[in-house]
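This briefing is intended for a reader who has the sequence and the structure at hand. Please keep both in view while working through the points below.

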Amino acid sequence: MRTEAQAVVIGGGVIGCSILYHLTKLGWSDVVLLERDELTSGSTWHAAANIHGLHDSTNISRIQHYTMNLYNALEEETGQSCGVFQPGSLYLAQTEEREHQLRLQAAKAKLYGMNFYEISIEEAQRLNPLVNYEGIRCVMFEPDGGNVDPSGVTNAYAVGARQRGAEIHRFTPVTATEQQDDGTWIVKTPKGDIKTPWVVNAAGLWGREVAKLAGIELPLQPTEHQYFVTETVSDVQAHGTRLPSVSDRDGEYYLRQEGNGLLVGAYEKDMKFWAEDGTPLDFAHDLFPDDLERIEENMMNAIERLPAVGEAGIKRVINGPMIWSPDSNVLMGPAPEVDGYFCCNGVIPGFSQSGGMGLMAAQWIIEGETEYDMFAWDMARFDTWATKEFTKAKVQDQYAHRFAIHFPNEERSAGRPARVRPVYETQKAMGAVFGLNVGWEHPLWFADAPGAVDTNGFTRQNWWGPVGEECKMLRDRAGIIDISNFAKYICKGPGAADWLNAVFANNMPKAVGRSCLTPLISKRGGIAGDFTVTRVAGDEFWIIGSGMAERYHKRFFKQVPLPAGTTFESKTEAMCGFNVAGPKSREILQRLTNESLATEDFPFMRSANIELAGIEVLALRVSFTGDLGWELHCATEDQARLYDALIEAGKEFDAGPVGSRALMSMRVEKGYGSWSREYSPEYWPHEVGLERLCKFEKDFLNKEAAQKVLENPVREQLVLLHLDEADVTASNADATGGEPIFKDGEGIGRVTSGTYGYTVGRSLALGYVKNAQPGDEVEVMVLGRPHKAVILHEPPFDAAGKVLRG
């Protein structure tokens with residue numbers, strides 16, 4: 001066994017073997033995989049191993065599409081059978097909502113060149129005559145859908161990795177992972193130790209235990225999961241060719257052919273946790289006792305749709321463990337707090353994602369960044385606030401609603417509240433309907449009375465009208481928005497300015513009280529973040545960024561060493577904030593302070609420490625609404641007093657609380673981008689209009705990458721679109737994000753943010769397009785159907801910035 005390696009992968013399931021294979025495929029041959037038992041132990045060996053390409057997330061769809069197309073090539077490359085069956089998959093819609101979802105996915109498939117399209121009921125009947133199509137609204141067909149052999153795929157990855165020089169050691173448990181002073185790791189096993197710069201935790205059911213060896217806590221929880229295989233079904237045997245699988249998610253089951261029988265699996269409401277206190281080390285190729293009563297309702301749904309299921313006996317039942325994250329997506333990426341430790345844990349649809357997941361992991365480790373924006377999978381989306389109790393509650397909800405539609409703007413209540421701020425109860429009493437943001441409860445909108453909840457769907461919902469009233473209130477008078485969930489940092493010390501200049505692309509403010517906007521550049525030259533930086537004292541700076549990306553951004557901040565005597569500290573928990581905006585905002589605030597807020601004394605993009613209602617606040621003359629306004633940041637212990645004072649002062653002007661959905665509408669009216677929507681590592685500075693904020697006369701993080709991409713013409717351009725009112729009225733739906741954009745029948749881009757602009761009277765969308773210009777007419781696929789739209793020359797609200805600077 002090697003004593004040194006470029007990377008050590010822990011875990012010999014399909015994901016670990018795929019990561020190993022892709023590391024070698026990208027050029028690393030000095031890599032080792034350690035498996036405590038036999039390859040495929042744990043969850044891999046008993047998986048149903050279905051494969052499908054489409055997902056609500058565009059980038060996850062790309063990854064699944066890559067995986068589906070990899071298996072045949074992997075067989076040819078390695079000579080190892082993957083047991084690939086691709087008779088296709090039928091996707092059934094019983095409800096209008098499912099039809100909307102499938103039509104949107106079909107539109108995305110057309111945009112990205114994926115094989116997924118609508119077929120007639122008659123064609124579906126020909127492909128799979130066992131299905132009862134009564135009540136089905138539409139059918140989509142994915143010709144490449146099917147299933148693979150779990151052991152075959154895993155061993156094919158292993159063979160491919162070995163062919164390129166990798167070592168695989170079975171029956172070699174890892175007993176310790178110890179980080180050295182130089183940042184490298186010693187991975188200890190009974191067969192010897194290995195020194196490596198990269199530990200890769202792909203330990204599946206043992207992901208929690210392996211992470212703890214390095215002092216890392218992962219929010220993961222295993223459950224039981226059952227499927228069964230029937231005896232021979234005469235109609236299956238007589239059909240002659242393999243039947244396409246059936247995705248009837250409204251029926252809460254999955255089904256495909258297995259031999260001459262049928263395989264049926266379910267995610268039942270009466271789910272069952274397993275190994276809550278840790279996965280047993282002696283567990284390997286084991287199963288749990290059958291418990292089919294728990295999936296009886298799902299079975300009956302399957303029998304109703306395919307009567308042949310009920311006519312055959314059960315040949316065998318598989319009841320095995322799966323391990324879940326709180327949102328059922330993988331926990332992936334370098335641990336932000338620990339150098340050289342990569343996680344890939346909590347994988348559910350492993351055989352649909354294994355290839356793409358292995359490729360993304362290899363890119364991240366070797367090249368420093370993935371080609372796609374994978375924040376949806378980034379382990380940094382959770383932190384210590386995702387406790388064991390929270391994780392269990394979310395996993396229970398995710399499991400029981402595995403096939404439920406995740407609607408745009410949907411907020412599920414499981415595990416909440418996880419974190420609240422002092423004004424939570426006050427806002428609740430005022431009718432606030434809350435969402436979850438990095439564990440924090442924050443107001444989405446305000447109802448007339450406490451107790452209201454969101455309705456969910458692809459069309460306009462119960463909050464659409466109230467959010468409009470909030471927007472109009474702010475634009476006509478003023479509104480008070482809780483912005484406490486923004487990430488907030490303080491950098492101070494003699495090297496603060498130099499360090500910030502070395503991290504961010506823009507020049508840092510030289511004068512006290514001045515602010516600047518600045519991008520953070522990613523490894524490939526894209527936009528890793530956007531920040532507001534304010535010089536609040538000679539050697540002290542206040543930095544504001546995306547709250548959801550705070551742990552993600554730690555990786556970037558760590559790459560530039562802090563100068564001696566300089567500190568950088570998060571103030572997100574210690575400080576809270578409100579944005580008071582609108583034409584009456586100055587008058588409201590002036591009632592609470594003796595400091596002059598007149599434009600000549602407090603102009604746009606300036607700041608000051610002032611006393612407001614007897615409370616010390618940092619006031620910044622900025623507003624994400626695009627309107628006249630101030631951000632006010634105070635100590636958390638002062639939040640309730642400040643909020644009460646602002647609400648009381650606002651009453652004189654008929655102003656009141658405003659939620660984040662109204663903020664979303666107003667920032668799109670202004671054409672402002674948002675991180676993780678418009679701003680992403682996938683997009684270059686000149687594609688998002690931030691190139692002017694990159695100052696190349698100085699050195700900054702990933703400067704060379706930014707220079708390189710700026711030498712290239714834009715691939716796509718960020719634009720603002722106005723959707724046709726008649727089309728929007730007819731569908732009763734606005735764009736929400738992810739909808740493809742077509743021009744003359746050709747796919748030219750996608751929506752990143754969509755909303756109704758209540759104060760400009762237009763349905764709007766931000767998005768990226770290619771080969772299109774302002775004034776061009778295009779089609780946006782809202783609900784998967786074409787809606788006429790035009791690309792705007794300028795934002796409809798305050799294009800010249802006169803209101804913002806007034």
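In this predicted model, helix H10 gives the most to the lining of the second largest pocket, with four residues. The volume of this pocket is about 610 Å³.

- Two elements, helix H10 (350-367) and helix H15, each give two or more residues to the lining.
- Sorted by class, the lining of the second largest pocket holds 15 nonpolar, five polar and eight charged residues.

- Five strands form an open, antiparallel sheet, and their order is S24-S25-S26-S23-S27.
- Strand S24 (515-521) and strand S27 (567-570) are the edge strands, as each pairs on one side only.
- From one strand to the next, the twist averages 25°.
- Strands S25 (residues 527-537) and S26 (residues 540-545) run antiparallel and are joined by five bridges.
- Thr 534 has Trp 542 of S26 as its bridge partner.
- Helix H15 (residues 550-557) packs on this sheet, where it touches strands S23 (487-492), S24, S25 and S27.
- The direction of H15 makes about 80° with that of S25.

**The largest cavity**

- The model contains three cavities of 30 Å³ or more, and the largest cavity holds about 70 Å³ of space.
- Residues lining the largest cavity include Arg 421, Tyr 424, Trp 440, His 442 and Asp 482.
- Helix H12 (424-429) and strand S21 (440-446) each supply at least two residues of this lining.
- Strand S21 gives the most to the lining of the largest cavity, with four residues.
- By class, four nonpolar, four polar and three charged residues make up the lining of the largest cavity.

**Helices H1 and H2**

- The axes of helix H1 (residues 14-25) and helix H2 (residues 58-78) come within 14 Å and cross at roughly 75°.
- Angles of 65 to 115 degrees count as roughly perpendicular, and H1 and H2 are therefore roughly perpendicular to each other.
- On the H1 side, the contact is made by Tyr 21, His 22 and Lys 25, while H2 contributes Tyr 66, Leu 70, Leu 74 and Glu 77.
- The contact of H1 with H2 comprises four nonpolar, one polar and two charged residues.

Definitions and conventions:
Residues are numbered from 1 along each chain as its sequence is written. This is a predicted model: local features need pLDDT of at least 70, side-chain atom pairs count only at pLDDT 80 or more; totals for chains, interfaces and linings use all residues. Side-chain values use heavy atoms; hydrogens and water are left out. Axes are lines fitted to C-alpha atoms, for helices over the stretch in contact, and angles run from 0 to 180 degrees between N-to-C directions. Angles under 35 degrees count as roughly parallel, over 145 as roughly antiparallel, 65 to 115 as roughly perpendicular and the rest as oblique. Contact means heavy atoms within 4.5 Å. Ala, Val, Leu, Ile, Met, Phe, Trp, Tyr, Cys and Pro count as nonpolar, Asp, Glu, Lys and Arg as charged, and the others, Gly among them, as polar. Two strands pair if DSSP finds at least two bridges between them. On a 1 Å grid over the protein atoms alone, a cavity is a set of points where a 1.4 Å probe fits but cannot get out, and a pocket is an open set with protein on both sides within 12 Å along at least five of seven lines; lining residues have an atom within 4 Å of a point. Grid points are joined across faces, edges and corners, and a volume is the space filled by probe spheres set on the points.
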